[in-house]
Amino acid sequence: MGLNFMLIDDNEIDLFVNRKFIERTVGDVEILTFIRAKKALDFLSSLSIHTSSDYHFLPDIILLDLNMPEMGGFEFLDAYSRLQNKSLTKTKIFMLSSSTNVKDRVDADRHIACQGFLSKPLSCEIVQKILENLIPALN
């Protein structure tokens, strides 16, 4: 079963490392990366407009950084919640951050569009745990 991951992080090194952990753990995976949350949101918004495109990527899982320029993680979650795209109903979003602020963790856990808060750095074990919890929901 192929999975689609979307990674949103302004740190290109984190994107590279996270991609490698996901590829090593999942195997059959397609990964789309964005260094700007606004660009990722624009892409997701366009999915409902361009339904007949040759390249159709629907993310199963989005890993979202918290602190980014222009649009932060919580701003992205708020804007994502307002999207009117039924094809994204199975998409699961996790906040992935190095923040040690307890309020960030609580706010992520409480946000309707977020499945939970994960601490950086990502690891194969964290990816495996995500998969074990989400595979039934994605089917």
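The following conversation concerns a predicted model and the features computed from it.

Biologist: What does the secondary structure of the chain come to?
Modeller: The chain has five helices and five strands, in the order β-α-β-α-β-α-β-α-β-α along the sequence. Helices (H or I, at least four residues) and strands (E, at least two) are DSSP runs, numbered from the N terminus.

Biologist: Which conventions apply to the numbering and the model?
Modeller: Residues are numbered from 1 along each chain as its sequence is written, and side-chain values use heavy atoms, with hydrogens and water left out. As this is a predicted model, local features need pLDDT of at least 70 and side-chain atom pairs count only at pLDDT 80 or more, while totals for chains, interfaces and linings use all residues.

Biologist: How many of the residues are buried, as a percentage?
Modeller: Buried residues make up 47% of the 139 residues in the chain. Buried means under 20% relative accessible area, exposed over 50%, and partly exposed in between (1.4 Å probe, protein chains only).

Biologist: Turning to α1, which residues are buried there?
Modeller: Leu15, Asn18, Ile22, Thr25 and Val26 are buried in α1. They cover an arc of only 105 degrees around the axis, which puts them on the same side of α1. The arc is that of the directions from the helix axis to the C-beta atoms.

Biologist: And which exposed residues does the face turned away carry?
Modeller: That face of α1 carries the exposed residues Glu12, Ile13, Phe16 and Arg24. Isoleucine 13, for instance, counts as exposed because its relative accessibility is 62%. Ile13, Phe16 and Val17 also form a nonpolar surface patch, with about 300 Å² of accessible area together. Patches are made of residues with over 30% relative accessible area and no salt bridge; like charges are joined within 9 Å, and nonpolar side chains (Val, Leu, Ile, Met, Phe, Trp, Tyr) within 5 Å. The accessible areas come from the Shrake-Rupley method with a 1.4 Å probe, and for residues only the protein chains shown count as cover.

Biologist: What caps the N-terminal end of α1?
Modeller: Asparagine 11 does, with a side-chain oxygen 2.8 Å from the backbone nitrogen of isoleucine 13. Just after α1, glycine 27 takes a positive phi of about 85 degrees.

Biologist: How many salt bridges are there in the whole structure?
Modeller: A search finds eight. A salt bridge is a side-chain nitrogen of Lys or Arg within 4 Å of a carboxyl oxygen of Asp or Glu.

Biologist: Which residues in α1 form one?
Modeller: Lysine 20 and glutamate 23 meet in a salt bridge at 3.5 Å, N to O. Both lie in α1, three residues apart, about one turn of the helix.

Biologist: Where does lysine 103 find its partner?
Modeller: Lysine 103 forms a salt bridge with aspartate 107, the closest N and O atoms being 2.5 Å apart. Both lie in helix α4 (residues 102–110), four residues apart. Elsewhere, salt bridges that share partners join Asp9, Asp14, Asp65 and Lys120 into one network.

Biologist: What joins lysine 120 to proline 121?
Modeller: A cis peptide bond joins them, with omega about 5 degrees. Proline 121 is found in the loop between β5 (116–119) and α5 (124–138).

Key. Polar contact = N/O pair within 3.5 Å; in protein donor to acceptor, adjacent residues only side chain to side chain.
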